[in-house]
Amino acid sequence: MVTYVIQGILKEEEDRMVRRSFLIKGNEIAYVNGRLDKLTFIRMNGDQFCMAPGRVMNNDELETNLSISSFKKTLTSMIEKGCTSVVYFASANYERQLSFVIKQAYHRMNNSFIDYVIGLSLPAHLLRPSVLRFCKKEKIPVLRFSLQSIDDLYDVPWSRLQDVLYSYPIVLLPNMNELLEGERKLAEDLWVSLCEAHRIYGTTHPPNSLEAWPKTLLKLVGLYPKKGELRVGGDADYLLYYVARTNATLAETCDLDYDRDKPNVVVLRGSVLKANEVTSIRPGGGRRIRITRPGQFIPVSEASHWGM
């Protein structure tokens, strides 16, 4: 197990840049402080870098029937964007397909070289207690459902689902892309009301493909605090961005667009996946993230905020 210190690196906290030092022990962040001068471990000087947590994304292309080479190419492209964990949505149109598509998803992602969590993508009419019980058994923390019209929301037996969701609060993400603009706004308002009435973990605006998942959603799904945050006890998933030195000391600013700029270094659980233009591909190096209970660490104040 390699132990090292990242010394004096810029990190964004509450919309401002501060310098922090990190003690990395193997897969995890073991300690964070302003300075760690007394530690005698190997050091990396962070003067010329900004640091950000590894990103969690989903990718619609990854969920298609890709060849092995295309699968590797797609994952490599995600790493270049700073993705260290992926939410893979297995798709089913019938309840009888659930076991098969989940086994197929695990088989495919077994070759992943980034960490992953399995979700389900279903039509709204499959939102049934039996389907949610299947998700609870398989520890599937997030379910994306598609709407063909606003009537689909009225047809779901929400009161019956509430009992299952109480013991394993699966995050429900509506896909409203098929709705017309006017109907979509009505559906969003109805969805917020349903979430509040039945204590559902959900959002009206799920992330698009290849869009970094926000911290609030990571908390709901149960990926936080292991993923998506640079904190003690979290996985050592981080991104480094080179910042040009302008004078003898680097200004305490980091003018980066994290959605546009590609990181120079990508690290997953302490192992370098990307260094400048070189990306390391280790099929099978990714791990399945097991979510024992979604929303376990979300504050009550945030749990009541549905319209993210």
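Is Leu 210 buried, partly exposed or exposed? In this predicted model, Leu 210 is partly exposed, and its relative accessible area is 33%.

## Residues with positive phi

Leu 210 sits in the loop between H6 and H7. Its phi is near 65°, a positive value in a residue other than glycine.

Glu 14 is exposed, with a relative accessible area of 75%. As background, most residues other than glycine have a negative phi.

## A cis peptide bond

Which peptide bond is cis, with omega near 15°? The bond in question runs from Tyr 224 to Pro 225. Pro 225 belongs to the loop between helix H7 (215-221) and strand S11 (238-242). In general, most peptide bonds are trans.

## The parallel sheet

An open sheet is formed by 5 strands in the order S6-S7-S8-S9-S10, and the pairing is parallel. Strand S6 (55-57) and strand S10 (171-175) are the edge strands, each pairing on one side only. On average, neighbouring strands of this sheet are turned by 25° against each other, direction ignored. Strands of a sheet pair through backbone hydrogen bonds.

## Packing of H5 and H6

At what angle do helix H5 and helix H6 pack? Helix H5 (residues 158-167) and helix H6 (residues 181-198) pack at about 55°, and their axes are 10 Å apart. That angle makes H5 oblique to H6. The crossing of the two helices is right-handed.

Which residues of H5 meet H6? From H5, Trp 158, Ser 159 and Gln 162 take part, and they meet Trp 191, Leu 194, Ala 197 and His 198 in H6. The residues of this contact divide into 4 nonpolar and 3 polar, with no charged residue.

Technical notes
Residues are numbered from 1 along each chain as its sequence is written. This is a predicted model: local features need pLDDT of at least 70, side-chain atom pairs count only at pLDDT 80 or more; totals for chains, interfaces and linings use all residues. Side-chain values use heavy atoms; hydrogens and water are left out. Axes are lines fitted to C-alpha atoms, for helices over the stretch in contact, and angles run from 0 to 180 degrees between N-to-C directions. Helices (H or I, at least four residues) and strands (E, at least two) are DSSP runs, numbered from the N terminus. Angles under 35 degrees count as roughly parallel, over 145 as roughly antiparallel, 65 to 115 as roughly perpendicular and the rest as oblique. A crossing is left-handed if the near helix is turned anticlockwise from the far one by less than a right angle, and right-handed if clockwise. Contact means heavy atoms within 4.5 Å. Ala, Val, Leu, Ile, Met, Phe, Trp, Tyr, Cys and Pro count as nonpolar, Asp, Glu, Lys and Arg as charged, and the others, Gly among them, as polar. Two strands pair if DSSP finds at least two bridges between them. Buried means under 20% relative accessible area, exposed over 50%, partly exposed in between (1.4 Å probe, protein chains only).
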